[in-house]
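I opened my notebook to look up how two chains are built and how they meet. My entries are below the display.

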Amino acid sequence: MGDKSMSLEDVAGTVESGMTIGIGGWGSRRKPMALVRELLRGDARDLTVVSFGGPDVGLLCAAGRVRKLVYGFVSLDSIALDPHFRAVRERGGVETAEYDEGMFVTGLRAAASRLSFLPTRAGLGSDVLTMNPDLVTIASPYADEEYVAMKALRLDVALVHVNRADAAGNAQYLGPDPYFDDLFAMAADRCYVSTERIVEPGGLLAGGPAQSLLISRLFVNGVVEAPRGAHFTSCDPDYGRDEAFQAHYASAARDADSWELFRKTFLDGDEQAYHEAVAEFHANRDGRQGEGR
Amino acid sequence: MTETTRAGAGSNQAEPEIIQAEPETTRADTEITRAEVCAVACADVWRGVGEVLAHTAGVVPSIGARLARLTTSPDLVLTDGEAYFMSDPPPLGRTAADGGVVEGWVPYRKVFDIVASGRRQSMMGASQIDRYGNQNISLIGDWRRPTRQLIGVRGAPGNTANHRTDYWVARHTPKVFVEKVDVVCGVGNDRARGAGGKGLRFHDLGVVITNLAVLDYGEDGRLRVRSLHPGVTADEVHANTGFEIDTSGATETRLPDETELRLIREVVDPRGLREREVSRSTGS
């Protein structure tokens, strides 16, 4: 089996301006944040981002990299909305395709099966059809019914983050929910997986059952070892969401000056610098809490 | 468990704040509260529905589903709001990581399959709702450039297309009950019956429960007041509803019985989270 291990820079280098990028995970859970941060360090722009969105969408919007957002929602889970998403929407700064969550999954399934659409009841009669005027309904050939013909959400590149992978690209999740990462991989021309740890071939089953082997190397073009690569989103059971840091992110996003400071502190350096700055954030915070007691 | 794992177990970081905000007097006062009336009205939504997945958004609807499970609807299927079905649910607002007994695995991908199967019933919130039960949770203003971005359509279109959907409104005001919603997320009766409705044969709007009343839909598909909560007048509902609403057939919402009251106070919601959701909203 081939060795598909790559660096963060290698992966970001394959993402070109104008591409359609699918990002795995769900809200503020198991997001490929190290890869997203690497995109911020690169110069790809005018991206179409397809995501059950969280801070991945927020960061890319804040950096002005997004032309169009295709989403089921953009939430930080413990905070209802990503503040950058809210801001970019309220200034009309991005084109959008908002779908019902089930429609979004249907669109990924269509793309993964190389179909141009799949039928669904979700969306009928709702303003999802108004907000997406290119969506049409289709008459059932078998019954007197109409369905929404949900368009395939085909991707140029998919980025996902998993708990473990081997260098050949077999990817394993160990948390409670696979989300839709396998569908993202199959819906994309190319998929890149970041992982907490690259393990030896055959080593994956030491960590979890065969059912946890979520994505086959059939659908993976590159693997990046990125410890804490989902930070500050959750990557159970390796680590939970960093709620204190997420709260800091959300509060910094509320005005330009504090965001500028956040960016300089956490995002302008490389990945190692990011994690060092986060460690310092926590050390300072623990110190302040200690004084308060 | 490491400290970092603990910090992220479930999405319950607001929990300490809730505990601090808990009014200490809740339990001592035996007078039945408005929140308890609402909880029982919510429980009645699930009465005798059989083996159906209960989906709820909000504290009071969650109490209602759990109460129904313990009383009138023992076969109801509950989740922890994350990836598990729970034969014995975790403490209110918590996940399987914090307790309870798991009886099934239901990652998000399975939820959408269950929605499509129809074996589900949903009680959602509403930022806006009109006389036909069209519901909006997406945004306020023009969708191209909203004045206020809200949470998005989420699963509302699919829910209303596939199975019974009820709504819970913790604060009944003319800003919520509007002539026209800005975005139709949950589909109302007029649209379901109109040209767009060919395929909406599973569309089924049940009731809207608010801090003031229980509303249902008449033959014409329009909201009307089924019952006023004890102490609420029809005038109050008219004043807080942004469209004309028929209150002529309104009875009084029933009170919890002793068993229900004990279950709410001692088993389902011993920390009194219900009072926070409703008292915050019924105040001036």
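**Entry 1: the model.** I noted before anything else that this is a predicted model.

**Entry 2: chain A.** I looked up the secondary structure and found ten helices and 13 strands in chain A. The radius of gyration of chain A is 19 Å, close to the 19 Å that the globule rule gives for 293 residues, so I wrote down that chain A is as compact as a globular protein of that length. Along the principal axes, the C-alpha atoms of chain A fill a box of roughly 70 × 50 × 35 Å. I then checked burial: 58% of the 293 residues of chain A count as buried. I also looked at contacts in chain A between residues at least 6 apart in sequence, and 73% of these join residues at least 24 apart.

**Entry 3: chain B.** I repeated the search for chain B, which has ten helices and 14 strands. Of its 284 residues, 54% count as buried. For contacts in chain B between residues at least 6 apart in sequence, the share that joins residues at least 24 apart is 65%.

**Entry 4: one helix of chain B.** I picked α9 of chain B, which covers residues 258–268. Its buried residues include B:Leu261, B:Leu263, B:Ile264 and B:Val268, and also the charged residues B:Glu260 and B:Arg265. At the start of α9(B), I found a side-chain oxygen of B:Asp257 within 3.1 Å of the backbone nitrogen of B:Thr259.

**Entry 5: the interface.** How many residues of chain B are in contact with chain A? I found 47 residues of chain B in contact with 48 residues of chain A. The area buried between the two chains is about 4,100 Å², and carbon and sulfur atoms give 50% of it. In chain B, the residues that lose the most area to chain A are B:Arg109, B:Trp143 and B:Arg154, together 18% of what that side buries. I listed 23 residue pairs in polar contact across the interface, both residues being at pLDDT 80 or more. The elements of chain B that give two or more residues to this side are α1 (3–8), α5 (108–117), β9 (145–149) and α6 (156–162). By type, the residues of this side divide into 22 nonpolar, 14 polar and eleven charged.

**Entry 6: salt bridges between the chains.** Side chains of opposite charge can pair when their charged atoms come close. I counted seven salt bridges between chain B and chain A. One of them joins B:Arg109 to A:Asp182, with the closest N and O atoms 2.6 Å apart. A:Asp144 and B:Lys198 also meet in a salt bridge, at 3.0 Å from N to O. A:Asp144 lies in the loop between β7 and β8 of chain A and B:Lys198 in the loop between α7 and β11 of chain B, so this pair joins two chains. A:Asp144 is exposed at 62% relative accessibility, whereas B:Lys198 is partly exposed at 40%.

**Entry 7: other salt bridges.** Is the pair of B:Arg274 and B:Asp269 buried or exposed? B:Arg274 is buried, with a relative accessible area of 0%, and B:Asp269 is buried, with 1%. Their closest N and O atoms are 2.8 Å apart. I ended with a network of salt bridges that links A:Arg29, A:Asp77, A:Arg241, A:Glu243 and B:Glu82.

Notes. Residues are numbered from 1 along each chain as its sequence is written. Chains are lettered from A and ligands numbered from 1 in the order in which they are written. Side-chain values use heavy atoms; hydrogens and water are left out. Contact means heavy atoms within 4.5 Å. Buried area is the accessible area (1.4 Å probe) that two parts lose on being put together, summed over both. A salt bridge is a side-chain nitrogen of Lys or Arg within 4 Å of a carboxyl oxygen of Asp or Glu. A polar contact is a pair of N or O atoms within 3.5 Å; within protein, one must be able to donate a hydrogen and the other to accept it, and residues adjacent in sequence count only if both atoms are side-chain atoms. Helices (H or I, at least four residues) and strands (E, at least two) are DSSP runs, numbered from the N terminus. The radius of gyration is taken over C-alpha atoms; the globule rule is 2.2 Å times the number of residues to the power 0.38. Buried means under 20% relative accessible area, exposed over 50%, partly exposed in between (1.4 Å probe, protein chains only).
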